[in-house]
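Hello,

Here is the structure I promised to pass on to you. Have a look at it first, and then read on for what turned up.

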Amino acid sequence: MLSNIGNSILFLSVLLCFSIIYYSFQNLKTNKDSITKIIFQLCVLQSTFIIISFLTLIAGFLISDFSLIAVYQNSHTLKPALYKIAGTWGNHEGSLLLWVLILTLFSFFFLILNKNHSKNYRIYTLIFQNILILGFLFFLLFNSNPFSVISPEPKEGLGLNPILQDPALAIHPPLLYIGFVGSSIYFSAAIASMLSNYSGKLFAKSIKNWVLVSWSFQTIGILTGSIWAYYELGWGGFWFWDPVENASLLPWFVMTALFHSLIVLEKRNLLYFWVIILCILTFILSVTGTFLIRSGILNSVHTFANDPSRGIFILIFLSLMIFTSVFVLFKKLKINSYNVNFYSKETFVLINNWFMIFYLITVMLGTVYPIFTEVLNDSKVSVGPPFYNTVIIPVVIFFLFFMSIGPKVRWIKDNLKNLNVILGILFFSILINFLIFYLFKSYSLISNFIIISSFFLIFSSLIDFVEHFKNHSIKNYSRIISHMSFGLLVLFIGLNHNFSLEKDLNLKLGEKITFEGYSLKFEKLYLKEFKNYKAIIGEFEVNNLKDNFNLSLYPQIRIYENPNTLTYEASIKTGILKDYYLTMSNIDRSDYYNVKFQKKPFMIWIWISVILISLGGFLRLFKNEKKNY
Amino acid sequence: MLTKKVKKRVSFLSLFLVLSLIAVFFTLKSLTNNILYFKSPTDIKLIQEVNINKRIRIGGMVKTNSLNINDKEIKFIVTDFKNDLFVSYSGTVPNLFSEGKGVVAEGKLQDKNFFIADRILAKHDEKYMPPELKSLIKKNVK
């Protein structure tokens with residue numbers, strides 16, 4: 001029943017896509033300045049249909065209609081309602097429908113919100129966006145149909161993988177998708193802009209909010225993924241440089257470069273083709289990331305299941321996209337010589353772009369390198385975190401300095417001034433660093449530089465903030481918040497890295513162990529039944545011997561039956577200054593339990609910094625809205 | 001004579017080139033230093049000289065009845081059904097780690113028979129197997 005509704009709506013959506021493209025081309029031929037009504041009506045209809053099909057799938061999950069394969073494989077009647085809904089996008093087919101939904105909604109809103117821009121440009125954007133929608137609808141219908149039926153209808157579903165049953169992960173895919181599927185709209189707009197010769201400042205104005213939206217959501221999406229990894233994967237880290245994580249980071253680098261360059265394009269009418277390249281690159285990287293992960297080419301610890309036939313489809317689609325965009329780009333490309341003064345804001349934006357491209361290339365190299373070695377000399381390798389850390393961390397130090405100075409430099413031409421202030425901030429940052437160094441604990445040379453440079457950025461931003469506050473100008477608050485929070489993020493990651501304590505112990509029930517100022521006692525072990533799992537709960541008493549501070553932690557081993565899985569649930573005591581983190585696992589059914597105790601300083605501040613970074617993006621969006629409409 | 005502007009541009013470009021060359025050099029160097037090779041116990045038997053400072057990944061099956069636990073470390077034997085490798089590990093053990101099941105561990109070789117692991121890779125579900133291990137098992141079944 002639901003399958004029939006879903007399939008027919010998807011089929012109608014395909015027809016609608018074709019008619020939108022047809023009427024758009026008709027509209028291009030006329031000389032009228034306005035877009036015909038029928039196109040608007042078709043777009044409304046298209047969005048409505050896609051929303052209904054998505055709701056249909058959610059309904060299928062909610063009422064546990066196991067005649068749908070997607071529901072049967074990823075849901076279970078005993079699952080809480082939240083995770084039934086989250087199950088909709090917790091699998092390949094459903095997430096692809098979400099993908100189409102976002103493509104369609106962005107297409108619709110771009111059409112109706114950009115009233116003041118040229119007709120041809122809007123129509124071309126609509127055409128390209130609809131070609132994308134069409135491509136993914138075909139993929140959905142012929143390869144990964146979420147409405148495929150299974151008969152006879154199973155009595156019970158297989159259940160969602162328990163480690164995906166987590167609030168952070170429930171909202172993670174939609175947020176991330178708004179980010180990188182949202183980038184499709186400026187991919188289409190970039191090609192449309194070249195075809196309709198609608199370039200320069202106006203083009204920048206029309207896409208800047210879309211870049212901001214996708215960037216802000218992408219940031220939050222990456223954050224929820226990290227939080228999930230921290231809580232759920234049980235080894236206390238939040239970033240592992242795993243291919244899946246890298247795939248979400250690659251478009252983020254380009255988006256960041258893009259909206260910095262967009263400012264130059266808007267204010268100075270420079271860098272048009274560079275902006276176009278970044279627009280195209282963002283979406284291509286998003287699709288590439290999806291391709292690498294879904295096809296199973298890259299080996300990731302987060303991989304669940306994959307299917308090579310999906311890969312071939314995405315690969316064909318990707319090649320078509322790259323081919324088209326490169327073709328249009330080379331047809332229209334004009335090399336203009338820019339005369340940019342060395343000490344100007346433009347230069348600093350370009351510096352930002354170089355750094356972003358550097359990060360992009362580094363992360364990309366590390367991510368795809370294993371594929372090449374496997375193909376070329378059949379050796380299986382993996383690139384671990386040390387590679388990223390040694391390459392990226394030293395560069396971040398310089399990046400932070402440029403990030404502090406850049407925003408204050410004026411457009412066109414400026415002279416180095418305020419040298420005293422800069423030196424003052426630098427001196428102050430070094431001072432604080434050495435205070436931490438001597439009062440608490442010494443750390444490596446590179447950590448010193450990291451902490452100095454992040455303090456430098458934080459203080460510069462603070463001074464900037466105060467100056468703006470005095471002048472009653474609210475123009476740059478969003479930028480200051482984002483830049484300062486990036487400084488905070490690096491600072492807290494640095495401190496977290498240097499002041500963490502980690503101890504692995506194999507304990508039997510009743511044993512007590514003392515180490516580095518702490519004692520840990522394995523008090524109790526008991527079994528408890530929950531609605532959809534059983535839990536073996538351990539009770540541990542942690543004692544801080546220095547300030548005689550007591551704490552009980554209750555890590556769990558959860559036994560799920562549908563599907564049959566064991567997971568461990570870390571017990572985390574979150575505090576303003578530090579988290580205590582304890583995981584427990586049984587070693588092959590013996591009496592020994594493997595216990596990992598960790599003290600992780602400032603964890604909550606890492607999350608808050610990232611939230612603030614994206615808040616900056618949302619604030620800027622809000623401000624742009626007020627100005628433009 | 002070159003004009004001042006051209007001179008400036010040339011020096012700027014050459015500086016940029018030199019900087020990017022340095023960046024490329026260090027990136028590639030760091031890449032070759034930090035890649036982890038995956039080896040089976042048989043691969044390790046065939047190595048000429050053991051480099052005790054190089055981190056690698058090893059994988060195979062945990063041999064039945066080989067697990068030995070004390071309060072500091074876990075010892076077990078990894079086998080690919082042709083050769084064995086003794087492994088000593090201290091750290092978190094994934095719940096799905098057990099005798100007779102596949103394992104992938106990261107660490108350093110001490111000699112051809114002894115490996116000190118500092119990380120055992122987690123698996124998310126019982127069906128999932130790292131691709132390295134899958135092809136290893138396939139090879140041995142043939």
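What distance separates the centres of domain 1 and domain 2 of chain A, taken over C-alpha atoms? In this predicted model, the two centres are 43 Å apart. The domain assignment places domain 1 of chain A at 1-165 and domain 2 at 502-604. Where they touch, domain 1 of chain A contributes 8 residues and domain 2 of chain A contributes 9 residues. The domain 1 side of that contact is made up of 4 nonpolar, 3 polar and 1 charged residues.

Chain A also has an open sheet of 4 strands, ordered β2-β11-β10-β9 and paired antiparallel. Its edges are β2 (501-507) and β9 (571-573), each of which pairs on one side only. On average, neighbouring strands in this sheet are turned by 15° against each other, direction ignored. Within it, β10 (578-586) and β11 (593-601) of chain A are antiparallel and joined by 9 bridges, with A:T583 opposite A:K596 in β11(A).

Three strands pair with β2(B), as follows:

- β1(B) (35-39) runs parallel to β2(B) over 3 bridges, and B:F38 stands opposite B:R57. The chain gets from β1(B) to β2(B) through helix α2 (41-46) in a right-handed β-α-β crossover.
- β6(B) (102-111) is antiparallel to β2(B), with 7 bridges; B:I58 faces B:A105 there.
- β4(B) (74-79) is antiparallel to β2(B) too, with 2 bridges, and B:M61 has B:T79 as its bridge partner.

Definitions and conventions:
Residues are numbered from 1 along each chain as its sequence is written. Chains are lettered from A and ligands numbered from 1 in the order in which they are written. This is a predicted model: local features need pLDDT of at least 70, side-chain atom pairs count only at pLDDT 80 or more; totals for chains, interfaces and linings use all residues. Two strands pair if DSSP finds at least two bridges between them. Axes are lines fitted to C-alpha atoms, for helices over the stretch in contact, and angles run from 0 to 180 degrees between N-to-C directions. Domain bounds come from an automatic or database domain assignment. Two residues are in contact if their C-beta atoms, placed from the backbone, lie within 7 Å. Ala, Val, Leu, Ile, Met, Phe, Trp, Tyr, Cys and Pro count as nonpolar, Asp, Glu, Lys and Arg as charged, and the others, Gly among them, as polar. A crossover is right-handed if, with the strands pointing away from the viewer, the path from the first strand over the helix to the second runs clockwise.
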